[in-house]
Amino acid sequence: MTSNRRTFAIISHPDAGKTTLTEKLLLQGGAIHQAGLVKARGAARRARSDWMKIEQQRGISVTSSVMTFEKEYDGETITFNLLDTPGHEDFSEDTYRTLTAVDSAIMVIDAAKGIEPQTRKLFEVCRLRSVPIITFVNKVDREGRDPFETMDEVADMLALDVSPQMWPIGMGGLFEGLLDFRTQEVARVEGGSNEYLGMRDPLDQAAISGNFEEEYQLAQAGYPEFDLEAYRNGDLTPVYFGSALKNLGVEELIDAIARIAPPPRPQPAGEEKIGPEHDEVSGFIFKVQANMDPNHRDRIAFMRQVSGTFKRGMKLTPSGLGKPIAVHSPILFFAQDREIADTAEPGDIIGIPNHGTLRVGDTLSEKNEIRFTGLPNFAPEILRRVQLKDPTKTKQLRKALDDLSEEGVIQVFYPEIGGSSIVGVVGQLQLDVLISRLGAEYKVDAALEASPFATARWLKGTDAALRDFEKFNQGNLARDRDGDLVFMAKSAWDVGYQEEKNPDLAFSATKER
Ligand code: G4P
């Protein structure tokens with residue numbers, strides 16, 4: 001059986017049009033349920049907890065959400081699970097982890113700007129995991145770069161084969177529409193503002209006024225043909241052109257995801273790979289979101305289902321807990337009516353309400369034998385000492401830091417010597433979120449101060465080697481939230497020096513639970 005699920009994310013630089021495209025995708029497919037609106041509006045916005053103010057002020061989406069929609073193709077219903085990734089310029093661990101939970105990605109590029117820094121970073125994360133990518137060159141209704149230039153930039157900067165599937169006819173004031181190479185139809189725009197009214201003509205009957213023939217013939221002949229295997233391996237990207245704003249090229253894009261994007265892929269679990277056909281329900285937590293509703297302290301763990309057919313009430317064992325929990329009230333994002341959805345399939349995302357038992361990186365399974373790998377914590381690049389303004393709140397602070405590190409907002413390190421906790425992040429934005437949430441959700445007034453450390457490394461080695469190291473380096477050691485030993489380094493040089501001096505120890509920049 002081939003699966004009808006397509007689980008994907010959109011990667012882009014801020015302003016390229018991700019939000020607009022997301023809205024249009026949801027509009028085209030019948031959006032069934034949205035976990036968190038694309039951009040919360042009105043009452044929905046006010047109902048969200050205070051810390052999301054940062055999101056509004058800075059016009060960014062700090063939290064990821066899951067959006068599901070369906071479309072019929074040849075009598076079959078395809079279910080699309082779109083996972084939102086934060087679009088701000090700081091690379092965050094949250095983004096990385098979300099990309100571990102998808103099977104493919106759409107890379108949105110602004111036709112006038114080409115590949116921008118954040119697009120590139122996110123692309124690299126996809127490449128690391130061989131996530132196949134469809135490129136969507138957006139905003140063709142405006143004056144932009146020569147499409148050939150954009151194609152070549154994608155090919156050169158990302159070292160990918162590019163295969164155009166559509167081509168803009170003219171541009172800006174001279175823009176006439178989009179040619180679909182597959183169907184040989186032109187989606188035509190009208191009037192000075194390039195409105196698309198759903199008109200399509202066969203190419204040989206399309207009234208094209210300019211002389212663009214040579215250009216699109218060159219485009220069609222001059223690039224590699226689409227090759228499904230090369231795309232699925234992450235070596236080739238099919239390129240679509242369009243305008244999210246004018247709803248142009250969006251239908252072709254959804255169509256492409258349905259036709260060519262991979263169904264749920266096997267996921268790495270140590271030496272093995274677990275595929276959708278594996279004979280039990282399994283999945284992994286890639287995200288935890290706490291306090292979505294300010295009146296409840298509940299948190300939702302997002303599980304990417306890898307195998308089996310999930311049924312409501314089923315018992316699954318989280319790897320971090322070791323004993324089974326019954327999943328009675330899962331949030332099934334594809335359910336038209338939350339009450340009647342009782343099952344989920346590989347590729348789906350299940351929201352599991354819990355009180356802190358589930359953590360990012362946990363595997364859930366029926367038999368408790370699988371451990372999915374590849375959801376690391378990253379060595380922090382910014383370390384700060386947390387200074388309490390009210391010393392009687394020590395307990396609350398500890399609880400807050402533990403909670404937030406569990407959620408993956410920050411990492412926390414408790415030094416072996418000295419009182420103040422140290423928080424570590426990979427991007428500045430995570431610190432803003434931390435301070436804001438400490439105040440809003442935990443009523444803890446705290447400040448962040450410079451810490452003497454520049455980075456951290458998880459230590460691994462024999463007990464004896466670790467004990468030896470501990471004896472001489474106590475001032476530079478801390479424990480993370482799991483109690484694992486961490487070397488706090490003052491500089492990258494410091495790491496290198498200690499590595500050389502202690503060949504029996506591994507100084508790891510990532511940690512997998
Ligand atoms: P983002 O989520 O990637 O950050 O981008 P977003 O969709 O918010 O789009 C950024 C800006 O680009 C918006 O304009 C949006 O209307 C515009 N835009 C998106 N797609 C297209 C397109 O295909 N053609 C044209 N011409 N513009 C497009 P804004 O003025 O910044 O915001 P708004 O006030 O219109 O929401």
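**View A. Buried residues of helix α1.** The buried residues of helix α1 are K18, L21, T22, K24 and L25. They cover an arc of only 165° around the axis, which puts them on the same side of α1; the arc is that of the directions from the helix axis to the C-beta atoms. A residue counts as buried if 20 or more other C-beta atoms lie within 10 Å of its own, as exposed if 12 or fewer do, and as partly exposed in between, with C-beta atoms placed from the backbone. Helices (H or I, at least four residues) and strands (E, at least two) are DSSP runs, numbered from the N terminus. The buried residues of α1 pack against β1 (5-12), β3, β4, β5, β6 and α9; two residues are in contact if their C-beta atoms, placed from the backbone, lie within 7 Å. The structure is a predicted model, in which local features need pLDDT of at least 70 and side-chain atom pairs count only at pLDDT 80 or more, while totals for chains, interfaces and linings use all residues. Residues are numbered from 1 along each chain as its sequence is written.

View B. Of the 16 residues around the ligand, G17, T19, T20, S243 and L245 come nearest. By class, the shell holds four nonpolar, seven polar and five charged residues. Here Ala, Val, Leu, Ile, Met, Phe, Trp, Tyr, Cys and Pro count as nonpolar, Asp, Glu, Lys and Arg as charged, and the others, Gly among them, as polar.

View C. Helix α6 (residues 147-158) has twelve residues, which should span 16 Å at 1.5 Å a residue; its end C-alpha atoms are 16 Å apart, which agrees. The expected span of a helix is 1.5 Å times one less than its number of residues. P147, T150, M151, V154 and L158 are the buried residues of α6. Seen down the axis of α6, these buried residues fall within an arc of 100°, so they line one face of the helix. An α-helix has 3.6 residues a turn, so residues three or four places apart point the same way. The face turned away from the buried side of α6 carries the exposed residues E149 and D156. The buried residues of α6 pack against several elements, among them β5 (104-110), α5 (117-128), β6 (133-138) and β12. After α6 comes A159, with a positive phi near 50°.

**View D. Helix α11 and the residue after it.** The 15 residues of helix α11 (residues 428-442) reach 21 Å from the first C-alpha to the last, close to the 21 Å expected at 1.5 Å a residue. L429, Q430, V433, L434, R437 and L438 are buried in α11. K443 follows α11 and has a positive phi, near 55°.

View E. Most residues other than glycine have a negative phi. With 7 C-beta neighbours inside 10 Å, D74 counts as exposed. N247 is buried, because 20 other C-beta atoms lie within 10 Å.

**View F. Pairs of residues set apart in sequence and space, K399 with M166 and L228 with L477.** K399 has its place in helix α10 (residues 394-407) and is partly exposed, with 14 other C-beta atoms within 10 Å. The C-alpha atoms of K399 and M166, which are 233 residues apart along the chain, are separated by 53 Å. L228 belongs to helix α8 (residues 228-232) and counts as partly exposed, with 13 C-beta neighbours inside 10 Å. Between L228 and L477 there are 50 Å from C-alpha to C-alpha, at a sequence separation of 249 residues.

View G. pLDDT is the predictor's confidence in each residue, from 0 to 100. Where pLDDT is low, the predicted coordinates should not be read in detail. The mean pLDDT of the chain is 85, and 88% of its residues reach 70 or more. The model scores ipTM 0.97 and pTM 0.81.

Notes: A residue is near a molecule or strand if its C-beta atom, placed from the backbone, lies within 6 Å of it.
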